[in-house]
Structure formats: C-alpha cells, structure tokens
Amino acid sequence: KICYEQRVMPVESGNSAAARQAKQKRKSHSLSIRRTNSTEQERPAIHRDMLEGQDSKLPMALRSNLLDLFGQIEREFENLYLENIEQNFDLREIESLNERLAGEGQTVDGGDLSKGALKTKASHSTSQLSQKLKTTYKASTSKIVSSFKATTSRAVCQLVKEYVGHRDGIWDLSVTRTQPLVLGTASADHCAMLWSIETGKCLLKYAGHAGSVNSIKFHPTEQMALTASGDQTAHIWRYMVQLPLPQPPADISASLDDDVDFSDKDEADGEADGPNECPTVRVASTTLRSHQGVVIAADWLVGGKQVVTASWDRAANLYDVETSELVHTLTGHDQELTHCCTHPTQRLVVTSSRDTTFRLWDFRDPSIHSVNVFQGHTDTVTSAVFTVGDNVVSGSDDRTVKVWDLKNMRSPIATIRTDSAVNRISVSANQRIIALPHDNRQVRLFDMTGVRLARLPRSNRQGHRRMVCCSAWNEENQACNLFTCGFDRQAIGWNINIPALLQEK
C-alpha cells in the first residue's frame, strides 16, 4: 500500500476523487478482513468445547495436542485464502484506476510502473499457494491428459474378439504361419488351445503337458506346434483343424456383455462350453528332455529343422527336431532365463534372463558359435525379439524398452520409458510398431524411434482386467491384426488401423 500511495500521488490531483474512493474501499476491505480473522481465531476454541464433550478413547493430552495442531492448520489455510482474496481485489482496483487515467490522457508511465511493481509483489505472495495447488493436482491432470490421448486413439484401436475358455492365466500366444490361420494360446492350466480368429471358437486343445504351458510357437511351413512347460520339457505336436463359418457381427457385442465379470472370479468353472467340446490331443509327436528346471520358452530356428529352448536352469538348449537330440547347450547366464527368440531369416538366437542381460548367439557359421552379452537394463529382461530388419528390441521389469542395432549394439538407438514393468513384446513386420504389454493391465504402441502412438482402450466392458503377459502381431488378417493375453484368463483380438495411427502421430 505504501508503494502504491507513493507512486500514484503525483498524478492524484487529476482524479483525486477516484483515488480517495479506491483508498476507502481498500480500508473497509482491510477492516473486514481483520474482523474476519478475529472471528476465525475464536473458532478452534468452539470446536474444542464441542469435541471435548464427545466420547474418545485417546488420552486427553494427545487429544488436546491434536486439536491444537488441527486448529493451526485450519488458521493457516484461512489466512492464505483471505490473503489471496485481498491481493486479487487490490489488482482489480489498480487496473481499473490505471484504465481511468489512460482514458483521461494523463501520463501513465508512473501508473504502469506502480502497476507492475504491485503485480510483481502480489504475484510473489500468491505464488506459494498456486504452487501448492499445482503440485496437488499434477497427478490428476496427467491422468486427464492420458485419457484424452486414449480417446483420440480409440477410433483406430478397437476390440474385435475375446477368446475365453482357459481355466487359468494365459502366458503366451502366437498365430500360425501357414493356412488356415488360427490363434494359439499357452496357459497355466496345463493346456494349449487353438482358436478360430473370426468366431472365437476353440478348435483344438493340447493337454499333453504335466505343468503350466509357458509358450507356444508354430512351425514355419507345417502344421506343428512347439510348446514349453513347467514340467521341464518341450513338446512338438501336430494339429489338424477345420475353420467354422463366421458368426454374424451381432454375436460379438453379445459375447462382450456376457463376459464382463468373468476374469474377476477366483474360480472359473469353464463356462465356455466350446473348449470342453473341441477335440483334444494328449500325446506329443516329439518330447525334448534335458533341462533341470522349468522350460519358460521355446522357438523354431529358421527352416524349422532345429528348435531352441530357454529354462530356469540358466541354460538354453538347441535340439534337432528329427532326432530329438541335444545339439548345443548355451550357458553363460547367471540367473534364470525368461525368454528366447530366433531371427526370422538368419540362424541367430537371443536369450533373456533375470540377470539383467540378454545374449545374442550366432549359429550362421557351423564351426564358430559366437555370443555377445548386452547389459542395457537394470532389472530382469523379460523378452528380447528380432525385427525383420537389423534390430533387436528388449523389454524389462525396469520399465524400459530399448531398440538396438545389430551392426552396432554398444548402446541402444532408442529408449522407451514407461510407468510399469514390460512383459513379452512383439514388433509388427511391415510397419515396425512395438506392442508393449504391461503389468498394470495396459497395452501401449510405440514406433521404433520411441514415439508413443496409442494406448489400447481398457474399461469395465473391454480390455484386460489383470496383468497383460504377451502380445503378438498378425498382419495377414486385416480385421484382427494384434492379439494380447493376460492373467485374466482371456486372449483379445484387436483391430489396429495402422495408416490412421501413423497419420495421428
């Protein structure tokens, strides 16, 4: 106020009546604030009398101390609130006065200076409260922004079909490489299932394992499947399926309404009758034994004549499919393996481990089997996969995904940071889009440079309701080109409009 009077007095003679009016208003407002403060200071005493009459099991000294503290907190917030009101009132008065002076043709240099000085002072005194409000609502605001992002991408990421029938969580899924195109799922209920992509009906069940089925991969040219299990074996088994006729589109919405709360039940009674009625295979054509622990993953090498398995016994094994013999044991990891993946066109294998590393094994030269170790993560590497080009993409429990160049893998060429652990990722062959399944039930899409493209919609009526374990692209099917599975005992088929997605970027 002193600053205001000193700077405005030289020009007050031009409009003394207006200045006196503004001054009287500020005085009356200040008096009203002081009266309010004096009244508010009596309030804690009133609250104390009321509360002391109530029953409480707290000791009297502790209760009295709590009441004093709460009273101090209340007075502090009231003072901040009243000070904010007073500063806003002063700013409005100063702005209106300067507008009047400018309208009368008076020199406004002094007025502008005083206005700036007082604005700075008022802004400084209210900045603390503003900062508190910003900090308090920062998390909520970020959630709102994320929901806007999801809304815009919902038009290009749509749920098409749910595949329900497993009695436990689904660890892995894959799509056949030969016709007919079917979806395969591997579950902790000791079974693997083959599904019709269009109708969601179970076509075949494999029940030959004595433990959890942890992964499933299909032969590149023949109707054979490779599954890895907690029973310390990997099985190769043949399948023959006949696709049913597609159902009318109306059945899709009906199935969504019927299965809303299925995953929230602790005990699934296998309500889906389809899996119980479909044919069951119980005997493998080839059983691969030699691991001393859980076989967590398995994959076919290019050509399909050899397979590689990854185990909790810290080793990966290379087998000959025709003879079932062990060709090589790949050792070097310090802890349990979590995943293995083969290159689509070359004899390269990458293995992931809980020791925070992944290793690249080169079998292109029969006489030399080189290995490279990559230490790019700070926690378990949950998966590392090849792309069609010369890249490897690794995901980890450290909430990051990293893109590597095979020609120079000293450091990643892109790093994606997320808010949740990342499970088994997949990369689309044509557009090179990375699908990230998360522990927090989300599925996000990124490009190879680390730019976020979309988040798959998730609500009470669609999306995963528990941890998402794996993702798999299938660009041969235009209507359903991305699949995800999780511990809510269901797999989901999505339609990702990739051209619209890339245009939105």
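Analyst: Two strands pair if DSSP finds at least two bridges between them; strands (E, at least two residues) and helices (H or I, at least four) are DSSP runs, numbered from the N terminus. The model is predicted, so local features need pLDDT of at least 70 and side-chain atom pairs count only at pLDDT 80 or more, while totals for chains, interfaces and linings use all residues. Residues are numbered from 1 along each chain as its sequence is written, and side-chain values use heavy atoms, with hydrogens and water left out.

Strand S4 (residues 192-196) runs antiparallel to S5, and four bridges join the two. Within this pairing, Lys 205 of S5 has Met 193 standing opposite. S4 and S5 form a hairpin with five residues between them. In its turn, Gly 200 has a positive phi of about 80 degrees.

S5 also pairs with strand S9 (residues 280-281), in the parallel sense and over two bridges. Lys 205 takes part here too: its bridge partner in S9 is Thr 280. Lys 205 therefore has Met 193 opposite it and Thr 280 as its bridge partner in S9, under the pairing rule given above.

Rings of Phe, Tyr and Trp (its six-membered ring) pair if their centres lie within 6.5 Å; planes under 30 degrees apart count as stacked, over 60 as edge-to-face and the rest as tilted. The structure holds nine aromatic pairs. In one of them, the rings of Phe 218 and Tyr 239 have centres 5.7 Å apart and planes at 75 degrees, so this pair is edge-to-face. The pair links distant parts of the chain, 21 residues apart: Phe 218 lies in strand S6 (residues 213-218), and Tyr 239 lies in the loop between strand S8 (233-238) and helix H5 (250-258). Both Phe 218 and Tyr 239 are buried.

Another edge-to-face pair is formed by Phe 358 and Trp 404, at 5.5 Å centre to centre and with 70 degrees between the planes. Phe 358 is in strand S17 (residues 358-365) and Trp 404 in strand S21 (residues 400-405), so parts that are 46 residues apart in sequence are tied together. Phe 358 is buried, with a relative accessible area of 1%, and Trp 404 counts as buried at 2%.

The mean pLDDT, the predictor's confidence in each residue from 0 to 100, is 79 for the protein, and 71% of its residues reach 70 or more. Over residues 1-15 the pLDDT stays under 50, and the model has 22 contacts (heavy atoms within 4.5 Å) for them beyond four places in sequence. Residues 107-125 also have pLDDT below 50, and this stretch has 22 contacts beyond near neighbours in sequence. Where pLDDT is low, the predicted coordinates should not be read in detail.

Conventions:
Buried < 20%, exposed > 50% of the residue type's maximum accessible area, 1.4 Å probe, protein only.
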